[in-house]
Amino acid sequence: MAALRIRYLTAKAVMAPTVLVMATCFYGAILWTIYISFTRSSLVPNYDFAGIAQYVRLFNTARWYTAFGNMFVFGGLFIALALVLGTLLAVLIDQKVKGEGVFRTIFLYPLSMSFIVTGLAWQWFLNPTMGLQDFVRGLGWDGFTFDWIVDRDRAIYTLVLAAVWHSSGLIMAIMLAGLRGIDHEIWRAARVEGIPRWRTYLSIVLPMLRPLVVTCVVLLAIAVVKSYDLVVAMTRGGPGNATDMPAKFVVDLTFERANIGLASAGAVVMLVAVLAALAPYLYIELSRRAR
């Protein structure tokens with residue numbers, strides 16, 4: 001018993017420095033950012049408390065409203081489409097098709113590239129002068145037009161296309177792992193009852209995978225909040241501010257406009273928005289476990 005206790009204490013002692021460093025760097029940085037957002041910091045941190053002045057200034061900035069609205073448009077479409085497409089791909093591969101390994105590799109390939117590479121590739125593909133539009137017109141369809149990436153009203157949807165292409169493979173892999181874990185007796189019982197296969201997926205199997213769906217939503221939501229590199233590589237926030245995002249707003253204020261206080265206020269609002277979005281899921285999960 002004493003030896004077991006010594007092992008337990010040794011393990012805690014070994015892990016303590018790592019936990020301490022992570023807690024300091026992660027939670028310490030969050031607390032520091034929150035405090036800086038209540039100061040008048042500009043080029044360098046200023047620790048004199050100034051109340052909610054930075055938040056008042058933030059919510060009086062038109063660019064912030066544009067960026068925040070774009071995040072919800074981009075995030076809603078991206079999460080919904082990636083979840084649906086990834087699940088459909090998982091269901092199709094679950095039919096034990098020939099060459100399954102090849103299809104899995106093809107669908108997962110975009111995930112091996114960073115959002116920077118993805119953004120540049122899609123920028124070239126959608127460029128009206130040398131991309132898809134130019135290629136199709138070269139085939140003889142002179143009236144073909146696909147210039148969304150330079151259209152203020154449609155440019156945000158090109159980001160959605162690129163992000164869904166990049167991330168749907170991850171959703172496919174997660175959902176396919178869940179589908180392969182379904183008990184075969186469920187399928188056998190469904191066949192005996194004469195339930196169509198599509199109905200079995202829709203009414204029985206997918207509801208059983210709800211925890212995986214929640215996991216996918218959380219992962220995609222994190223990608224939405226971090227959507228800086230894709231925006232910079234693909235549109236640089238343009239045309240104008242049509243594809244601006246809160247992450248780009250915060251980075252620009254920090255490194256280009258030297259306004260740490262206002263950038264920190266934007267980062268805090270982003271954090272609150274993420275917590276508010278995840279709160280219903282966490283509440284439902286905790287309530288279900290408490291039962």
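Where does Pro239 lie? In this predicted model, Pro239 is found in the loop between helix 11 and helix 12. The report begins with that loop and then turns to salt bridges, a pocket and a surface patch.

## The loop between helix 11 and helix 12

Two features of the backbone stand out in this part of the chain. The peptide bond that runs from Gly238 to Pro239 is cis, with omega near 0 degrees. Arg236, which is also placed in the loop between helix 11 and helix 12, has a positive phi of about 55 degrees although it is not a glycine.

Is Arg236 buried or exposed? Its relative accessibility is 63%. Because the cut-off for an exposed residue is over 50%, Arg236 counts as exposed. Asp244 belongs to the loop between helix 11 (229–234) and helix 12 (246–255) as well, but Asp244 counts as buried, at 0% relative accessibility.

## A network of salt bridges

How many salt bridges does a search of the whole structure find? The search finds 5 salt bridges. One of them joins Asp244 to Arg63, and their closest N and O atoms are 2.4 Å apart. Asp244 lies in the loop and Arg63 in helix 3, so this pair ties together parts that are 181 residues apart in sequence. Arg63 has a relative accessibility of 13%. Because a residue under 20% is called buried, Arg63 counts as buried.

A further salt bridge is formed by Asp252 and Lys248, with 2.8 Å between the closest N and O atoms. Both residues lie in helix 12, and they are 4 residues apart, about one turn of the helix. Asp252 counts as buried at 6% relative accessibility, and Lys248 is buried too, with a relative accessible area of 12%. Which residues are linked in a network of salt bridges? Arg63, Asp244, Lys248 and Asp252 are linked in this way.

Arg188 and Glu185 form another salt bridge, in which the closest N and O atoms are 2.4 Å apart. The two residues are 3 residues apart in helix 8 (residues 184–192), and so they are separated by about one helical turn.

The surroundings of this pair can be described in terms of accessibility. Arg188 counts as partly exposed, at 40% relative accessibility. Glu185 counts as partly exposed as well, at 45%.

## The largest pocket

Rolling a probe the size of a water molecule over the atoms shows where empty space is left. In this model the largest pocket holds about 300 Å³ of space. It is lined by 14 residues, of which Phe72, Ile79, Ala221, Val224 and Ala277 are the closest to its centre.

Which helices each supply at least two residues of the lining? They are helix 3 (62–93), helix 10 (210–225) and helix 13 (260–290). Sorted by class, the lining of the largest pocket consists of 12 nonpolar residues and 2 polar ones, with no charged residues.

## Positions within the fold

Trp64 has its place in helix 3 and is buried, with a relative accessible area of 1%. Trp64 and Ala221 are 157 residues apart along the chain, and their C-alpha atoms are separated by 19 Å. Ala221 is among the residues closest to the centre of the largest pocket.

Ala162 belongs to helix 7 (residues 155–180). Its relative accessible area is 0%, so Ala162 is buried. Ala162 and Asn259 are 97 residues apart in sequence, and the distance from C-alpha to C-alpha is 31 Å.

## A nonpolar patch on the surface

Which residues form a nonpolar patch on the surface? The patch is made up of Ile116, Val117, Leu120, Trp124 and Met130, and together these residues have about 470 Å² of accessible area.

Terms used: Residues are numbered from 1 along each chain as its sequence is written. This is a predicted model: local features need pLDDT of at least 70, side-chain atom pairs count only at pLDDT 80 or more; totals for chains, interfaces and linings use all residues. Side-chain values use heavy atoms; hydrogens and water are left out. Patches are made of residues with over 30% relative accessible area and no salt bridge: like charges are joined within 9 Å, nonpolar side chains (Val, Leu, Ile, Met, Phe, Trp, Tyr) within 5 Å. Accessible areas come from the Shrake-Rupley method with a 1.4 Å probe; for residues, only the protein chains shown count as cover. A salt bridge is a side-chain nitrogen of Lys or Arg within 4 Å of a carboxyl oxygen of Asp or Glu. On a 1 Å grid over the protein atoms alone, a cavity is a set of points where a 1.4 Å probe fits but cannot get out, and a pocket is an open set with protein on both sides within 12 Å along at least five of seven lines; lining residues have an atom within 4 Å of a point. Grid points are joined across faces, edges and corners, and a volume is the space filled by probe spheres set on the points. Ala, Val, Leu, Ile, Met, Phe, Trp, Tyr, Cys and Pro count as nonpolar, Asp, Glu, Lys and Arg as charged, and the others, Gly among them, as polar. Buried means under 20% relative accessible area, exposed over 50%, partly exposed in between (1.4 Å probe, protein chains only).
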